[in-house]
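Student: Hi! Could you walk me through this structure? I'd like to jump around a bit as we go.

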Amino acid sequence: MAAYEMNFDGLVGPTHNYGGLSYGNVASQSNSQAASSPKEAAKQGLAKMKALMDMGFKQGVLAPQERPDVAALRRLGFTGSDVEVIQRAAREAMPLLVASCSASSMWTANACTVSPSADTADGRVHFTAANLNCKFHRSIEHPTTSRVLQAMFANDGHFAHHPALPAVAQFGDEGAANHTRFCKGYGDAGVEFFVYGRSAFDTRYPAPARYPARQTLEASQAVARLHGLSEAGVVYAQQNPAVIDQGVFHNDVIAVGNGEVLFYHQDAFLDTDKVLAELGNKLARRGGNFQAVCVPGSAVSVQDAVRSYLFNSQLLSRADGSMLLVVPEECRNNPSVWRYLQQLTASGGPIREVRVFDLKQSMQNGGGPACLRLRVALNEQELAAVNPGVVMSDALHDTLVAWVDKHYRDRLSEADLADPQLLTECRTALDELTQILTLGSVYPFQIA
């Protein structure tokens, strides 16, 4: 049976703003409180989806969260009508209002971890929503994320959904941003690669000194157990604490993998030789030929990798077996990164082409092409069982562009988040969106 990798991109929400909420994310912090353009951000994301669809890649869309999250503010003691809750939060605790308005769910690489049916014990595709426990503004996402995923992948004969791990620091889980899968073909049994920043219970493991390590070894192991993965199909690796302290808050800021290829910076991991050997040996036992493409620090520094998001790119397989690397405009604007990419595509290796996209609105908040998409490997039967309302087409693209034009603001500042009208605008837009995507009632205001 044929199998495919489908990319589900996050639709940027109407409250896209630069709150500077993500400590450890250099771009997020450096652009704090700058004015954003929700309309431009959403259209940049939709343009990337449409372009990849036009190139023949399977493409879907994942709906944003309800924001502001009034229920989260109520749990923190703000009372009254919805409008009164927002106004009181603006007066008494503006950072909490900003957090409740975060549109960071657009980065669906953090939404969950996905294991294809070829890897799991019960032969179903497994989803575990990420608890994103390291950051308050992200930790409130997973209940809605779970409902949206269940509406997209509703057939329990093909799909299994798990709730987020316990919301404690020991099980900090950041989803697919720290998870990669290697395989000979998307329908073949593969090797799932879990990268963690620290161990919660074993003090022998080093940890970063400046910025938090968001993913724990224990969280990765728990997800592997929930998904029914075998030891032969799993590799765990620790991220280099020194690069976390340089702003590499997720593995997908320093490495990206696809098929049989890992594209990584030489400083990405601890015990790199051991990690590569284990990946190679386990993939070989499953019929694959592991290929590691190492970017030396002499060619691209960690700082340039973080500035350009070279590794937060999409690595996609073409029909002829070659690979395409989708990068943000910032890679072309960085001389050392662009020079390296020209050498890479001319080298005769697996990565033969680079495509550049303007994703400035996302990049300024700390997320590149890879952050914006969740990868789901599906066989033909599973693909047919996906909610067709979320599968990108020319018609859906045009409908969503018109929807954005109708409902999104051109400009949004921190002060605008206190505007009660913004809540009405967002709920009106999302109510219409659930009908466009045929999701049913997934938002708190729809099911209260």
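Tutor: Happy to. Let's start with aromatics: Phe182, Phe193, Tyr264, Phe269 and Phe290 are linked into a cluster by ring pairs. Keep in mind that this is a predicted model.

Student: How many aromatic pairs does the structure hold?

Tutor: The count is 15 aromatic pairs. One of them joins Phe193 and Phe269 in an edge-to-face arrangement, with 5.6 Å centre to centre and 70 degrees between the planes.

Student: Where in the chain are Phe193 and Phe269?

Tutor: In distant parts of it: Phe193 belongs to strand β7 (residues 191–196), while Phe269 lies in the loop between β10 and α10 (272–285), and 76 residues separate them.

Student: And are Phe193 and Phe269 buried or exposed?

Tutor: Both Phe193 and Phe269 are buried. For a stacked example, take Tyr443 and Phe445, whose rings are 6.1 Å centre to centre with 10 degrees between the planes.

Student: What about the accessibility of Tyr443?

Tutor: Tyr443 has 0% relative accessibility, so it counts as buried.

Student: Okay, new topic: helix α13. Which residues does α13 cover?

Tutor: Helix α13 runs over residues 335–346, twelve residues in total. From first C-alpha to last, α13 reaches 17 Å, close to the 16 Å expected at 1.5 Å a residue.

Student: Which residues of α13 are buried?

Tutor: Ser336, Val337, Tyr340, Leu341 and Leu344 are the buried ones in α13. Looking down the axis of α13, these buried residues fall within an arc of 130 degrees, so they line one face of the helix.

Student: Why would residues spaced like that point the same way?

Tutor: An α-helix has 3.6 residues a turn, so residues three or four places apart point the same way.

Student: Which residues other than glycine have a positive phi?

Tutor: Examples include Tyr309, with phi near 55 degrees, and Thr438, with phi near 50 degrees.

Student: Where do Tyr309 and Thr438 sit?

Tutor: Each is in a loop. Tyr309 is between α11 and β12 (314–317), and Thr438 is between α17 (420–436) and α18 (444–447). Tyr309 is buried, with a relative accessible area of 3%, whereas Thr438 is partly exposed at 45%.

Student: While we're on the backbone, which peptide bond is cis?

Tutor: The bond from Arg67 to Pro68 is cis, and its omega is near 0 degrees. You'll find Pro68 in the loop between β2 (58–62) and α3 (70–75).

Student: Switching to cysteines: how many disulfides are found in the whole structure?

Tutor: The search gives zero disulfides. Cys183, for instance, is in no disulfide, and its nearest cysteine sulfur, that of Cys112, is 17 Å away. For Cys371, also in no disulfide, the nearest cysteine sulfur belongs to Cys331, 13 Å away.

Student: Are Cys183 and Cys371 buried or exposed?

Tutor: Cys183 is buried, with a relative accessible area of 1%. Cys371 has 3% relative accessibility, so Cys371 counts as buried as well.

Student: Last one: Ser104. Where is Ser104 found?

Tutor: Ser104 is in the loop between α5 (94–100) and β3 (112–115). Its relative accessibility is 5%, and because buried means under 20%, Ser104 counts as buried.

Student: Great, thanks for the tour!

Conventions
Residues numbered from 1 in each chain as written. Predicted model: local features only at pLDDT ≥ 70, side-chain atom pairs only at ≥ 80, totals over all residues. Heavy atoms only, no water. Helix = DSSP H or I, 4+ residues; strand = E, 2+ residues; numbered from the N terminus. Expected span 1.5 Å × (residues − 1). Buried < 20%, exposed > 50% of the residue type's maximum accessible area, 1.4 Å probe, protein only. Arc of directions from axis to C-beta. Disulfide = S-S within 2.5 Å. Phe/Tyr/Trp six-rings, centres within 6.5 Å; stacked < 30°, edge-to-face > 60°.
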